[in-house]
Amino acid sequence: MVQLNLPFALPTDNGDICYEVVFRKIRHPRLELKSGSLFVIAPFGYKKSAEFVKKYSAWVIKKTTEFRAREERARGKELKLRKRGDFESLVMKFIGMYSSQIGFPVNRVTFRKMKSRWGSCSSTGNITINSRLSMLPDDMIRYITHHEVLHRKIRNHKKEFYKQVRAEFPDYKIIEKELNEYWLAIRAAA
Ligand SMILES: [Zn+2]
């Protein structure tokens, strides 16, 4: 998709919501919100975009308002600037700590830039850590390393997994929310 710099999809003074139409070889129109801007993905020749947007305006406004609020909170986040060596030894310290606490060994730890997640743990016991973590506060890094090491014991994200997460981080739901905001902040800074 062509990424245009559209204004936020919120009503202007005359009540209209700004959007961009993208024609595709499809049968039915749909709406897409990208970074708070609205796109009507429509079949070639479609002429009812304005009505279509109007019909779903309440949903568009709700989603856009949420996005803006999240972005606002992300802007308030202070990002750390760590030296690579300091960051990697901090991660290794937490991994070692949790590996012995949880009682499962970790084979290899790899650091690399990832676009869609903070970390991963393979079934063979290798952990990959997103190097963007280095901009997070210590506690957030500790939370993510705990999550990945815990996958050595429990592969899925079912009830038992989060029960054990809660045992270590009672306020983990707040941490997860914070992490989403940090994710936006780091993406904006990159
Ligand atoms: Zn996981």
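**View 1. Strands β2 and β3 run antiparallel and are joined by five bridges.** Everything shown here belongs to a predicted model, in which local features need pLDDT of at least 70, side-chain atom pairs count only at pLDDT 80 or more, and totals for chains, interfaces and linings use all residues. Residue numbers start from 1 along each chain, as its sequence is written. Helices (H or I, at least four residues) and strands (E, at least two) are DSSP runs, numbered from the N terminus, and two strands pair if DSSP finds at least two bridges between them.

**View 2. Ser-35 sits in the loop between β2 and β3.** The hairpin has two residues between its strands, and Ser-35 has a phi near 50 degrees, which is positive although the residue is not glycine. For context, most residues other than glycine have a negative phi. Is Ser-35 buried or exposed? Ser-35 is exposed, because 12 other C-beta atoms lie within 10 Å; the label is given at 12 or fewer, while 20 or more within 10 Å makes a residue buried and values in between make it partly exposed, with C-beta atoms placed from the backbone.

**View 3. The open sheet β1-β3-β2 has mixed pairing among its three strands.** Its edge strands, β1 (19–24) and β2 (30–34), each pair on one side only. From one strand to the next the twist averages 30 degrees; axes are lines fitted to C-alpha atoms, for helices over the stretch in contact, and angles run from 0 to 180 degrees between N-to-C directions. β1 pairs with β3 (residues 37–43) in the parallel sense, over six bridges. One handy landmark is Tyr-19, which has Leu-38 as its bridge partner in β3.

View 4. β5 and β6 are antiparallel and share three bridges, and Ser-120 has Thr-128 as its bridge partner in β6.

**View 5. The largest nonpolar core holds 18 residues.** Such a core is a set of buried Ala, Val, Leu, Ile, Met, Phe, Trp, Tyr and Cys residues joined through C-beta atoms within 7 Å. Val-91, Phe-94, Ile-129, Leu-133, Leu-136, Ile-141 and Ile-144 touch the most other members. Two or more residues each come from α3 (84–102), β6 (127–130), α4 (138–150) and α6 (172–189), with α4 giving the largest share, five residues. Zoom in on Leu-136: beyond its neighbours within four places in sequence, Leu-136 is in contact (C-beta atoms, placed from the backbone, within 7 Å) with Lys-80, Ile-141 and Tyr-182. Apart from this core lies another of eight residues, including Ala-9, Leu-38, Phe-39 and Val-53.

**View 6. The chain is assigned domain 1 (19–75) and domain 2 (84–189).** These bounds come from an automatic or database domain assignment. The C-alpha centres of the two domains lie 34 Å apart. Four residues from domain 1 and four residues from domain 2 make the contact. On the domain 1 side, one residue is nonpolar, none is polar and three are charged; Ala, Val, Leu, Ile, Met, Phe, Trp, Tyr, Cys and Pro count as nonpolar, Asp, Glu, Lys and Arg as charged, and the others, Gly among them, as polar.

Technical notes: Two residues are in contact if their C-beta atoms, placed from the backbone, lie within 7 Å.
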